[in-house]
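User: Hi, I have a structure to get through today. Can you walk me through it?
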Amino acid sequence: MTFVRSYGLMLRWELASARVWLPFWLGLQLLLAVGSCIMYGFFIPNLTPAAAAFIVTGAPTIALVPIGLVMLPFQVSLQRTRRTFDFLWSLPVARPVTVAATLTVFTAAAMPGIVVTLVIATLRYGVRLAVSPQIVPAVVLASLMSASVGLGLAYGIRNGLVLGLLTNLLIFVAMMFSPIAMPIANFPTWLADLHRILPLYHMAVVIRAGLSTGLATDVGASYLILGLWTIGGLAVAGWVIGRRG
Amino acid sequence: MALDVGAARLPWSFSMPRSGAGYWWSSFRTMLRWDVASLRLDLPIVVIIQLIAGAGIVVMMSLLVPGDPPRAAVEYLAAGVPVVNLYLLGLVFGPQWIAEQRAADSYDATRVLPCPRSASLAAWYAVTLAAGVPGMLGTLVVAAWRYHIDFTVSPMILPAVLLVAVSGTMIGAAIGHGVGEPMISRIGVQAINMFVVGFTPTLFPVDRLPDWLQAINVVLPFEHMSALLRATLTAGPVDDLGLSCLVVVAWSAACAGLAAWAMGRRG
């Protein structure tokens, strides 16, 4: 089978199995993303326009976390416990094709939620955005990166409960301790340095650069780091699928 | 005979009646061992996550706004985070653990064990309480250290902690046992967790919420759970503790009943 034909078939498989859950994923995505945007307003009583702009331009990044880094690992761990996982690998399709189809679905699945979150956040805080074409590569790369890292996590960690705890922790870290909706200058040096290595901050930087002028700096470095994380996630997934047993 | 020796060690041996306080107590102890043994690898992780989460939320306050956060806000937050510590295992991780068992087809095996459902729920409650208290203490220590808060701890903290933990655990048990589809219960508890942290007056004062949300919170247990703990941790006035007690007890009882019903249901 050619790559294109098997990719098309696996894509149909992925879409068919996602069909039932897609509404729930979108529900969770909106809940967490819209929820945390509105929540920040309750935590910060007298919001300055600058802080509001940060929250709104950080909203799409928060909306990316639940799909790639939470629902994808959960889906894979469910496939493992339901034994669908082994069945998938037994199909007469090259394994990278299966991975490519999963990545495509999860990268695309995040998009509608991102738009809705951004619209609601903009209305809630009355912020004027300066959207540039840069937003397209930014969102696609950030989404692909979170799906790749999610896939790496899901393939690399076999224990479902550990994976569940880890993704719970990820949601928490993303919402509460990441320079996504708040400036990195508010963070203590060690945490800021840690975030300059981790991907969440860089996702926020590239997306913020596509939505505003002057709020994000050093965008090139952020693209580079996101690219490296994408490759890293895929490398882990590739190593796992290359192994037997 | 070998069979008799083996059977005599089990709480549900044929020689014992399957009712009465003695049977309940031995079932409780067995289920407690069962839960601890099943989660032996995960409980240490849960306790560590508890410590990180509790201390983290307290410290997070200073990340949201540059400079020192206002004193009143910090004190309110510090007395509210222990609520999160006490419900986290029972309400958020518990249903996900049951979801995992359902997906792995091991749920029914646990359900058919011949022990009273109340003993099984009570044992799970003991586990969640034991996993929640270290996190709560960690949170309070970090808050006292980071913001120099002097907590005025009253002896009533003991019943308050027991009550807050029981409500979180029973709500979680009702969801875990009541919702058949793992994905839905998993998303549901994430939603509840998000709601409690962001849309109830657990971590910030009630006047920041819009009126309609304030009204909803009066009938939900979370505001009352935090009121109970706050009253035993701070010297500040807390309104109508009797009502809070009543609401929390009512939710605990209703959810315990729902969980027990769902555990005994067929099909």
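This is a predicted model: local features need pLDDT of at least 70, side-chain atom pairs count only at pLDDT 80 or more; totals for chains, interfaces and linings use all residues.

User: Got it. How many residues of chain B are in contact with chain A?
Analyst: Chain B has 29 residues in contact with 28 residues of chain A.

User: Which helices of chain B each supply at least two residues to that side?
Analyst: They are helix 3 (42-64), helix 4 (71-103) and helix 8 (182-199) of chain B.

User: And which helix gives the largest share?
Analyst: Helix 8 of chain B does, with ten residues on the side that touches chain A.

User: How do the residues on that side of chain B divide into nonpolar, polar and charged?
Analyst: On the side of chain B that touches chain A, 21 are nonpolar. Four are polar and four are charged.

User: New topic. What is the secondary structure of chain A?
Analyst: Chain A has ten helices and zero strands.

User: How compact is chain A?
Analyst: The radius of gyration of chain A is 18 Å. The globule rule gives 18 Å for 245 residues, so chain A is as compact as a globular protein of that length.

User: What box do its C-alpha atoms fill?
Analyst: Roughly 55 × 35 × 35 Å for chain A, taken along the principal axes.

User: How much of chain A counts as buried?
Analyst: 46% of the 245 residues of chain A.

User: Last one. What about contacts between residues 24 or more positions apart in chain A?
Analyst: Take the contacts in chain A with a separation of 6 or more. Residues 24 or more positions apart account for 84% of them.

Technical notes: Residues are numbered from 1 along each chain as its sequence is written. Chains are lettered from A and ligands numbered from 1 in the order in which they are written. Two residues are in contact if their C-beta atoms, placed from the backbone, lie within 7 Å. Helices (H or I, at least four residues) and strands (E, at least two) are DSSP runs, numbered from the N terminus. Ala, Val, Leu, Ile, Met, Phe, Trp, Tyr, Cys and Pro count as nonpolar, Asp, Glu, Lys and Arg as charged, and the others, Gly among them, as polar. The radius of gyration is taken over C-alpha atoms; the globule rule is 2.2 Å times the number of residues to the power 0.38. A residue is buried if 20 or more other C-beta atoms lie within 10 Å of its own, exposed if 12 or fewer, and partly exposed in between; C-beta atoms are placed from the backbone.
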